[in-house]
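Dear colleague,

I am handing over the structure below, and after it I set out what was found. Please read the notes with the structure open beside you.

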Amino acid sequence: MRSLISILDLSVEELDQLIATAKDIIAHPENYWDKCAHKKLATLFYEPSTRTRLSFEAAMLELGGSVLGFSEASSSSASKGESMADTAKILSCYADIMAIRHPKEGAPFVASNNATIPVINAGDGGHNHPTQTLADLLTISREMGRVNDLTIGLCGDLKYGRTVHSLIEAMSRYTGIKFVLISPKELKIPGFIRYNVLEKHGIPYTETDSLEEAMPQLDVLYMTRIQRERFDDPYEYERLKDSYVLTAEKMGLAKEQMCVLHPLPRVNEISVKVDDDPRAAYFRQALNGKYMRMALILKLLEEAKANPIREAIDTSDLEYDRVCQNPKCITQTEQELPQLFRCTDKAADIHRCIYCEQRA
Amino acid sequence: MRSLISILDLSVEELDQLIATAKDIIAHPENYWDKCAHKKLATLFYEPSTRTRLSFEAAMLELGGSVLGFSEASSSSASKGESMADTAKILSCYADIMAIRHPKEGAPFVASNNATIPVINAGDGGHNHPTQTLADLLTISREMGRVNDLTIGLCGDLKYGRTVHSLIEAMSRYTGIKFVLISPKELKIPGFIRYNVLEKHGIPYTETDSLEEAMPQLDVLYMTRIQRERFDDPYEYERLKDSYVLTAEKMGLAKEQMCVLHPLPRVNEISVKVDDDPRAAYFRQALNGKYMRMALILKLLEEAKANPIREAIDTSDLEYDRVCQNPKCITQTEQELPQLFRCTDKAADIHRCIYCEQRA
Amino acid sequence: MRSLISILDLSVEELDQLIATAKDIIAHPENYWDKCAHKKLATLFYEPSTRTRLSFEAAMLELGGSVLGFSEASSSSASKGESMADTAKILSCYADIMAIRHPKEGAPFVASNNATIPVINAGDGGHNHPTQTLADLLTISREMGRVNDLTIGLCGDLKYGRTVHSLIEAMSRYTGIKFVLISPKELKIPGFIRYNVLEKHGIPYTETDSLEEAMPQLDVLYMTRIQRERFDDPYEYERLKDSYVLTAEKMGLAKEQMCVLHPLPRVNEISVKVDDDPRAAYFRQALNGKYMRMALILKLLEEAKANPIREAIDTSDLEYDRVCQNPKCITQTEQELPQLFRCTDKAADIHRCIYCEQRA
């Protein structure tokens with residue numbers, strides 16, 4: 001039995017298999033109508049996220065399963081001080097698989113170490129959101145006919161945008177990928193992506209602060225939102241924001257064969273006038289998210305059936321002598337959790353919390 | 001594909017067909033157990049309304065379908081600033097039909113212009129609530145054996161009560177209908193109902209401030225709540241309120257064959273002692289609401305199957321030079337919506353916002 | 001048709017039958033997959049309780065039924081001032097059985113007197129929580145192989161802990177039961193349990209403030225939480241609290257064949273190190289709760305089918321001349337409810353409110 005906490009939990013072969021399953025579901029939905037009969041998905045949403053929650057629920061319902069859960073922390077036992085571990089054990093009594101959204105980084109990982117059913121990370125703080133990346137991959141595959149040999153532009157907040165980081169990690173394992181990183185200097189890609197992913201794997205990338213300049217070379221444009229609160233200087237934000245808004249005019253600079261993605265919800269970073277452009281793929285992307293979640297639920301339930309024993313956490317090389325300083329780490333609110341670190345890069349002497357993966 | 005935004009979207013023939021379907025469901029519920037197998041209803045409730053939401057959910061479940069959604073805005077993406085249009089597009093990926101309750105008038109209309117699935121207005125501010133009117137019509141039909149040739153008393157807040165306005169609009173298209181309008185002078189029926197519906201169609205009506213006087217002539221009594229906050233003068237409210245409370249004593253003045261309706265929830269405008277009177281139809285009315293919602297869901301899904309293309313909005317004669325002043329209009333919160341008006345009465349030079357239908 | 005408001009509504013024979021049904025469900029779950037097809041459970045949770053709500057929902061889903069409802073009062077019509085009686089009548093239109101959690105004591109009882117479907121009390125204030133007791137009974141039966149001839153230790157807050165009171169009431173009707181009451185003096189068992197249950201039925205019991213001393217003789221240990229706010233003197237709380245925490249060390253004093261129960265959620269009154277002890281039964285207890293709720297739903301629906309008429313409330317000997325002073329009684333918030341008392345002990349001249357069962 002496995003859980004999905006990070007997109008890196010899945011091999012390239014597994015990603016390809018999920019994409020293939022999703023396409024088969026799209027082609028023959030009726031073949032999947034009873035696949036999860038008598039199965040239940042628990043949706044544990046400790047912070048609201050309608051889109052993600054309803055996508056999971058729709059996925060399970062289209063597989064013939066049923067759904068229970070909660071949509072905000074205040075209706076949950078967490079408000080009574082129950083630990084994530086206990087909640088995971090209890091929910092394992094009520095459901096066959098669970099999806100967790102949590103403001104604290106590492107919470108789904110803690111759940112997966114205590115549940116007796118598979119756990120899917122539906123977003124934990126600014127950390128991981130692997131099913132969004134699954135949606136992105138299927139969208140690229142369906143829109144472009146391939147997931148290799150693509151120039152992918154990533155635009156907006158590349159510093160904090162977890163969907164961007166996750167997509168880079170996933171795509172870096174395919175061949176022929178080039179990235180164009182488009183952002184204001186305040187929001188450039190952080191070092192752990194630049195060095196540990198891009199440079200480590202020798203992935204070519206260029207950086208620019210101009211969406212217009214980047215536009216003509218892109219096969220895929222991944223838009224994200226730039227938030228005012230990320231800027232120290234509000235004038236700087238005002239000066240910059242419009243250059244990262246995708247307009248019909250900027251779409252005029254793009255290839256005829258390309259696609260625009262956005263994790264949604266958008267606020268105003270893509271003009272509604274772009275919506276009718278056939279290259280605007282972001283609403284289809286939401287639909288693809290449902291199909292990939294269906295494929296994922298099927299895969300994890302099959303694995304759990306074949307092997308109901310939880311994959312043991314690797315306890316070798318754990319380090320017990322550090323304390324995580326990340327205020328968004330689950331260890332901050334659940335203080336009975338043991339502080340555990342692991343060295344992820346011996347040469348650079350980098351140690352990371354095993355829950356939130358922040359550096360010590 | 002059609003949506004239901006206002007009760008006037010349905011012709012008299014369609015209303016009669018919905019009533020007939022509802023009666024057939026009541027007679028043979030088992031024939032409908034699988035009608036919506038593999039179909040999903042999304043309930044988007046931006047403000048709480050247990051009764052209406054659960055009635056929709058029960059309706060879909062009794063048709064063999066399933067349900068997903070949210071029950072208040074705080075658990076939705078609206079709190080992240082997503083537009084109604086985007087939400088409608090996304091929800092179209094997750095469900096086959098959706099019911100929307102929204103505090104802003106015109107929100108379901110905006111959704112229906114962007115969704116690729118049918119939209120049912122489950123109440124938008126003080127504007128429309130067509131499925132309540134469907135419940136009212138079935139109740140009148142079942143209780144009285146007809147929807148024609150009836151004297152209908154409407155009692156209470158006739159000024160702001162949207163269910164009253166909607167019922168007048170619906171019943172005015174049947175034959176032999178007379179209205180008795182029973183209210184304090186502060187809460188009389190507004191001009192757009194008086195002139196544009198009653199007088200325009202030549203429907204006979206009388207007005208009175210005495211429920212007791214009206215009682216003996218009524219075939220149907222539709223009670224609504226009088227709210228303290230509607231009165232400028234609190235003493236006036238105190239003086240009046242009891243005369244609009246339906247008691248067992250007042251029921252003694254009524255015909256033996258008649259029925260009492262109320263959209264519920266009631267607070268104290270109908271004494272609980274009336275509940276056991278066989279003419280008290282308001283709890284059966286709630287049950288009828290479920291059956292009419294079943295009939296409506298079936299009808300809209302059948303139409304969507306026969307013709308999946310959304311009915312285009314009529315763009316002729318739109319006027320672009322006015323701004324809606326209604327603080328409850330959806331254009332107040334979603335400022336990217338184009339301000340659109342239409343002349344609804346050339347002689348009187350009346351122009352109405354196409355979203356909330358308020359006069360310019 | 002019957003409802004379940006208090007565990008005493010069920011005879012010992014009925015408890016045994018429910019336990020037998022639950023065990024059959026565990027042995028042959030597939031035999032129950034369609035038992036509640038086309039049936040709906042309404043979950044009316046006026047205060048959050050994820051565990052209980054999801055347990056009910058999982059139970060209904062595993063019987064092939066479906067679920068609708070709400071998980072907190074703010075999303076319900078209660079916020080519009082609707083009475084419990086009216087809500088019960090309306091929900092009877094939407095569902096076949098309902099489970100109610102309410103902060104006010106007696107609310108499910110009021111619902112059961114107005115609903116036309118069976119009502120299950122899912123916890124009303126500090127009053128009753130009968131399905132927790134059902135979970136406890138099945139757990140004892142499965143862990144120990146019997147529900148007779150047991151020494152049962154009850155530890156912690158015996159004064160306010162409703163699950164403890166309910167378990168004593170239920171177990172007192174079996175043979176060969178001894179209780180060991182383990183608590184600080186501030187939280188000793190209250191008089192109405194001591195005199196009206198234990199002494200009245202001649203059940204042997206001892207009292208101690210030492211969990212360690214009690215440990216060796218116990219077949220069952222039922223742990224509950226001690227809350228700081230129950231103590232007048234915070235130093236007293238600090239001094240005492242650790243002695244009522246169950247640790248691996250204290251487990252070392254216990255019999256090899258025994259079991260530890262806890263209604264959950266636990267905060268820290270059981271060390272997580274006890275979780276792996278085979279005698280720690282509290283997570284299995286949560287699972288058992290689901291099976292007993294399945295058995296209960298089946299039983300009540302069968303009874304309702306055989307006899308759809310609501311069991312009349314016994315109106316003999318009602319007393320109309322007292323007013324309930326319990327601030328948590330449903331009569332405090334629903335003032336149109338008639339104040340009704342009944343003499344429960346003529347010798348001692350004890351009169352109790354029929355809703356919350358508090359003494360006049």
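Copies are superposed by least squares on the C-alpha atoms of residues with pLDDT of at least 70 in both. On that basis, chain C can be laid on chain B with an RMSD of 0.0 Å, by a turn of 120° and a shift of 0.1 Å along the axis, and the C-alpha of chain C nearest the axis is that of C:Ser66, 5.0 Å from it.

Please bear in mind that this is a predicted model, in which local features need pLDDT of at least 70 and side-chain atom pairs count only at pLDDT 80 or more, while totals for chains, interfaces and linings use all residues. Residues are numbered from 1 along each chain as its sequence is written, and chains are lettered from A and ligands numbered from 1 in the order in which they are written.

Chain A can likewise be laid on chain B, with an RMSD of 0.0 Å, by a turn of 120° and a shift of 0.0 Å along the axis, which is the relation of a three-fold axis. In chain A, the C-alpha nearest the axis belongs to A:Ser66, 5.0 Å from it.

As for the contact between chains A and B (two residues are in contact if their C-beta atoms, placed from the backbone, lie within 7 Å), 20 residues come from chain A and 20 residues from chain B. On the side of chain A that touches chain B, helix H2 (50–62) and helix H11 (282–306) each supply at least two residues, where helices are DSSP runs of H or I with at least four residues, numbered from the N terminus. H2(A) gives the most to that side, with seven residues.

Finally, B:Ile297 touches B:Cys36, B:Leu41, B:Ala59, B:Met60, B:Leu63 and B:Ile97, not counting residues up to four places away in sequence.

With best wishes
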